[in-house]
Amino acid sequence: MGTVGFFAKVAFTLMIMAIHHPPAMTRGLLYPRESETREVRCLDGMWNFIASDTRQPAKGIEEKWYEQDLNKVGTTIQMPVPASYNDVTTNSSLRDHVGTVWYDRKFFVPNSWSDKVVWIRFSSVHYEAIVWINGNRAVRHEVGHLPFEAEITSFLNYGQENRVTVLVDNVLIQTTVPQGNVMEVPTDYGMNLVQTYTFDFFNYAGIHRSVHLYTTSKVHIEDVIVSTDLDGNTGIVNYRIIANDTDVEELVTFIQILDADDNVVATNTTPANMQASIEIRDVKPWWPYLMHPKPGYLYKMEVYLSTATVKNIDIYRLKIGVRTLHWNATTFTINGKPIYFRGFGRHEDSDIRGKGLDLALLTRDYDLLRWVGANSYRTSHYPYSEEAMEFADENGIMIIDECPSVDTVNYNEALLTKHKSSIEQLIHRDKNHPSVVMWSIANEPRTADLMAGNYFESVAKFTRMLDPTRPVSAAIAVSMTTDRAAQHMDILMFNRYNGWYSNPGELGMITSRVIEEATAWHLKHQKPVIMSEYGADTVEGLHLLPPFVWTEDYQVELFSRHFKAFDILRSRGFFIGEFIWNFADFKTAQTVTRVGGNKKGIFTRSRQPKAAAHHVRKRYFKLAKDLENARMPNDLFPYLSDSGSSCIETPRDEL
């Protein structure tokens with residue numbers, strides 16, 4: 001069978017599987033945390049790596065490479081985990097590789113683990129992965145950016161060396177999420193495969209996030225489901241503790257809530273697997289950044305599982321925030337107060353490591369979000385790392401959590417099943433994060449298509465079934481007159497590039513058009529409206545007066561024209577947010593319209609500010625002061641004269 005025939009067979013097989021099998025419901029996957037009953041080991045580091053021949057992507061499976069060390073089947077190189085493999089080397093064929101690659105590494109397991117249940121957990125592998133332990137197939141997972149795990153207790157050699165082997169396939173087809181196409185094209189070296197896709201970011205691949213081993217008892221806490229409410233000064237934490245073994249009699253959970261100073265503020269004892277609630281008196285709600293002097297307040301929830309004969313057989317801890325969300329035809333509130341979103345679309349993207357987890361970069365990004373006065377961002381266009389979500393919880397940054405459906409087209413049952421599966425996995429992972437305030441089920445889908453209405457009605461209903469506590473939205477790019485999906489959303493988000501893709505260079509054709517379109521969306525659907533993308537590409541350091549496209553000056557002026565429109569819209573009572581595209585420059589596929597990637601960031605790819613960053617900072621803090629009575633940083637307006645601004649009040653470090 002030729003290469004194209006191989007991919008055609010794979011695509012056909014996936015479609016048949018999707019049609020006949022509804023999305024499986026995810027189980028387990030609690031973030032790996034050590035406790036009195038759990039041990040965690042990280043397998044991050046240098047792994048052995050080999051790329052398959054693009055024309056023979058299944059060769060490693062056929063020859064059972066997983067049964068021996070990879071260096072026995074070919075020449076391996078060292079590859080860091082976590083990281084995308086594309087930009088680590090100087091090899092362009094690896095950067096542009098289409099198909100499968102292989103990783104392996106050795107690890108030891110102590111004898112003390114032999115009486116425990118042992119799991120291996122991958123936080124993200126893009127796009128599809130198969131994992132073997134000592135030659136035994138442990139798990140297969142599809143959809144990148146989301147975690148998966150497998151129990152490997154019976155596959156391990158205790159007190160000895162073990163091997164984990166991972167096959168990664170980056171191929172995107174019309175039934176993957178996101179979609180793509182693979183073509184066989186002639187080159188100077190013969191026929192070769194080329195991956196194409198319409199989304200505007202690079203299809204980085206590899207083991208993108210951390211890999212962990214962890215242990216549990218045989219009877220253990222499988223999942224914790226939390227939702228919260230407020231009744232005056234009392235916080236209500238609704239919860240369900242799911243145990244893995246429902247056949248064990250008298251499974252009991254003891255719940256203890258601690259405040260930020262580790263004082264116990266509430267306790268409760270209930271049977272496992274049952275819905276229950278616990279009250280926190282004089283509760284401190286979770287507030288977004290700049291809406292409260294102490295944003296992002298978190299409690300610690302301690303869960304103790306016991307049987308009739310063994311006390312505290314398993315212990316797990318997680319942080320929770322207590323807050324409420326409500327929305328209607330014009331507003332979106334948190335804890336009863338209206339929200340005005342001011343933030344960004346973002347990407348997990350940086351030099352060399354691609355989409356690989358980088359905690360230093362993550363820390364820098366959140367410091368920049370606070371510096372610029374943002375209170376939110378959208379995880380465009382896929383789920384971000386669990387560490388990023390925890391940062392958002394701690395910093396009071398609201399998240400519009402987006403699944404990996406980008407530029408969705410060619411609607412069919414197979415794709416719908418995969419789409420729902422990506423939503424289910426996302427909600428399962430992020431359901432307990434107070435920072436997550438909205439689900440985005442797609443970015444720029446082709447919603448003028450005749451089938452789009454029924455398709456997105458099905459996805460939206462499925463999302464609400466899984467989580468009725470948060471609104472559902474999607475970032476829509478088609479015109480209001482042709483769109484068929486917005487009617488099924490709770491909040492309307494639209495992307496539009498006036499002054500850039502539409503009428504480039506025409507700064508005088510922005511404000512009125514934004515006002516007219518946003519108003520029309522609201523009048524047609526009677527729902528709150530957010531502008532989820534707007535912006536202009538900007539070459540760092542390029543200046544022209546008067547402003548000209550691609551200059552820093554033009555980006556600043558384009559933003560100002562949008563700001564005027566937003567203020568008018570906000571005064572009309574239905575416009576609830578503005579999201580700049582983009583937070584920072586990022587890599588894209590090679591095209592003649594992208595010079596080294598997408599340059600719409602207000603920060604460079606190395607996270608340094610362009611002129612627009614200082615401009616946006618003044619606006620976002622001014623909005624925080626006007627809308628939420630927030631205090632402004634003392635370096636917002638540089639000294640000009642003794643009759644200058646009186647807005648200098650509070651050092652930034654005190655915010």
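Predicted model: local features only at pLDDT ≥ 70, side-chain atom pairs only at ≥ 80, totals over all residues.
Colleague: How many aromatic pairs does the rule give?

Modeller: The count is 38 aromatic pairs.

Colleague: Why is the pair of Tyr-366 and Phe-391 called tilted?

Modeller: The ring planes of Tyr-366 and Phe-391 stand at 35°, and stacked requires under 30 degrees while edge-to-face requires over 60. The pair is therefore tilted, with the ring centres 5.2 Å apart. Tyr-366 belongs to helix H4 (residues 359-372) and Phe-391 to helix H5 (residues 386-395), so the pair links distant parts of the chain, 25 residues apart.

Colleague: What makes Tyr-366 buried?

Modeller: Tyr-366 has 2% relative accessibility, and buried means under 20%; Tyr-366 therefore counts as buried. Phe-391, at 24%, counts as partly exposed, because that class lies between 20% and 50%.

Colleague: Why is the pair of Tyr-534 and Phe-566 called edge-to-face?

Modeller: The planes of Tyr-534 and Phe-566 are 70° apart, and over 60 degrees counts as edge-to-face. Their centres are separated by 5.2 Å, and pairing requires centres within 6.5 Å. Tyr-534 lies in the loop between strand S31 (529-533) and helix H9 (552-571), whereas Phe-566 is in helix H9. Both Tyr-534 and Phe-566 are buried.

Colleague: Which aromatic cluster includes Tyr-366 and Phe-391?

Modeller: Tyr-366 and Phe-391 belong to one aromatic cluster whose members include Tyr-197, Phe-199 and Tyr-384.

Colleague: How do you know that Arg-41 lies over the face of Trp-113?

Modeller: Arg-41 is at 5.3 Å from the ring centre of Trp-113, and the distance criterion is within 6 Å, with a further limit of 35 degrees from the ring normal. Arg-570 likewise lies over the face of Tyr-340, at 5.4 Å from the ring centre.

Terms used. Residues numbered from 1 in each chain as written. Heavy atoms only, no water. Phe/Tyr/Trp six-rings, centres within 6.5 Å; stacked < 30°, edge-to-face > 60°. Helix = DSSP H or I, 4+ residues; strand = E, 2+ residues; numbered from the N terminus. Buried < 20%, exposed > 50% of the residue type's maximum accessible area, 1.4 Å probe, protein only.
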